[in-house]
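Cover the aromatic contacts, the core and the backbone exceptions.

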Amino acid sequence: MPECDIISMDCDESTFLPKIVNFQNGQLQPNNERKLQCAAYLNPKTNKTVMALATNKMLYTGEEDTENNLCYTLLTIRNKKTNKIRLVPVNMVSLNVEMPKINALLDNTLNNSQISVRDLNKQFGSKKTKRRTEQMERMKLNVSNVEEELKQTVAEIEVKEEDLVAPTMDESEKSYRPPMNRNASSPSQVYDLKTIIQQEYLDTLVDLANEVLENPIENDKFTPFVATSISTLKKLSTTSLEKYQLLLYIDAILKFFKMPVQTLKRKKLELDPYPEKLVQKILQDFTVFSDNSRSRPMSMRDKATCYIIILALMVMDYRLELEELSKTLGVGLKKLLDVSRVLGAQPASGKEKNVIVLKLPLPTAPTGLGKRKRK
């Protein structure tokens, strides 16, 4: 075994020692050493050196382990010309994949790239590019400043107790439905028919009502709800002419709301087979006249829905199935049930979920028809 003489020994542990690293989840491929970016940092908490090696896609970090070293690890370096060697102490570091830091590294690279592109645009870009770059810089907001301004704005807002009270039915909502008599002694006294349609308008439907009463029902002549209701009355052998008149008035209202809004611009509105006097009554009750023209806002549709439910309850002896009416009106069952509660009707007990009844005592008045949410 060849012998060697130690000429001198210099060992200063306070200096930065070389590191020998190993990868816990893999190994370094040959000829890839120069593709790695290497850096060393001091961890202020442990006062130990942290090594970081990065590729294009991964970041590896590890902290040197000096506590468990029972002896020195030496690296031998030989000079071929002088045949002298040096023994250099080194520390071992195990590297692991650092996933959270990958995103930070990529974000850093991206930000640096964006800054470089911005600077290049300012120096060598066209006038349009320079102007666009300057506009983008001016549009950037300082998030911390915005947060402070928002906090100050919110702190200055005062919330009054009256603003937290649930809204009640205003005057416009009350006008959607006829007056309700809460002191009524029977369901027939809750609503007065004269407040919905006067006798002079019902008289215009006498001939049509007699025709419906004496002849077989023609389904295609009426809206589905009215056709079904007429069939129900005929099965019950009901001879009350007034009930058929009310159904015809309901049919006229339903047909009116099925018509396109553009038809309101006509000088004379026709609603076959109903007389002009009744059509004018519908225009008066369910449209809004302004600026020499008529419109049909959603409030008028709500009003018509209230009138139809009340009239249908009168026809069906204050017990009404809502499913067919929902389909004809194009309104959901939940909305019809909500409107029915405002009108004093209640869902029937048992399994008949879509049936409402008007009975005494009347329930307490709800707050209103409810506000529509803007989308």
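## A charge over a ring

Arg296 lies over the face of Phe256, 5.3 Å from the ring centre. The rule here is that NZ of Lys or CZ of Arg must be within 6 Å of the ring centre and within 35 degrees of the ring normal. Lys277 meets it as well: its charged end sits over the ring of Tyr201, 5.6 Å from the centre.

This is a predicted model, in which local features need pLDDT of at least 70, side-chain atom pairs count only at pLDDT 80 or more, and totals for chains, interfaces and linings use all residues. Residues are numbered from 1 along each chain as its sequence is written, and side-chain values use heavy atoms, with hydrogens and water left out.

## Aromatic pairs

The structure holds 3 aromatic pairs. The rings of Phe256 and Phe257 have centres 5.2 Å apart and planes at 85°, so this pair is edge-to-face. Rings of Phe, Tyr and Trp (its six-membered ring) pair if their centres lie within 6.5 Å; planes under 30 degrees apart count as stacked, over 60 as edge-to-face and the rest as tilted. Phe257 also pairs with Phe286: the centres are 6.2 Å apart and the planes stand at 70°, so this pair too is edge-to-face. Helices (H or I, at least four residues) and strands (E, at least two) are DSSP runs, numbered from the N terminus.

Phe256, Phe257, Phe286 and Tyr307 form one aromatic cluster. Both Phe256 and Phe257 are buried. Buried means under 20% relative accessible area, exposed over 50%, partly exposed in between (1.4 Å probe, protein chains only). Phe257 has 11% relative accessibility. Phe286 is buried at 0%.

## The nonpolar core

The largest nonpolar core has 67 residues. Such a core is a set of buried Ala, Val, Leu, Ile, Met, Phe, Trp, Tyr and Cys residues joined through side-chain atoms within 4.5 Å. Those with the most contacts inside it are Tyr249, Ile250, Phe256, Phe286, Met314, Leu320 and Leu325. Elements giving two or more residues to it include α5 (199-202), α8, α9, α10 (298-315) and α12 (333-342). Apart from this core lies another, of 7 residues, among them Phe23, Leu36, Leu53 and Leu95.

What does Phe256 touch, not counting residues up to four places away in sequence? Its partners are Leu264, Leu269, Leu271, Ile282, Leu283, Phe286, Thr287 and Arg296. Contact means heavy atoms within 4.5 Å.

## Helix α9 and its buried lysine

In α9, the buried residues are Leu278, Val279, Lys281, Ile282, Leu283, Asp285 and Phe286. Their cover includes α5, α8, β8 (293-295) and α10.

Lys281 lies in this helix. Its relative accessible area is 7%, so Lys281 counts as buried. Beyond four places in sequence, Lys281 touches Ile196, Gln198, Tyr201 and Tyr249. The C-alpha atoms of Lys281 and Tyr201 are separated by 7.9 Å, although the two are 80 residues apart along the chain.

## Backbone exceptions

The peptide bond from Asp272 to Pro273 is cis, with omega near 5°. Pro273 sits in the loop between α8 and α9. A cis bond also joins Leu360 and Pro361, with omega about -5°. Pro361 lies in the segment after β11 (355-357).

Asn83 lies in the loop between β5 (73-78) and β6 (85-97). Tyr318 is in the loop between α10 and β9 (319-321). Asn83 is exposed, at 53% relative accessibility, whereas Tyr318 is buried, at 19%.

## Overall fold and confidence

The protein has 12 helices and 11 strands. Of its 375 residues, 33% count as buried. Among contacts between residues at least 6 apart in sequence, 59% join residues at least 24 apart.

Mean pLDDT (the predictor's confidence in each residue, from 0 to 100) is 80, and 81% of residues reach 70 or more. Over residues 166-171, pLDDT stays under 50. For that stretch the model has 10 contacts beyond four places in sequence.
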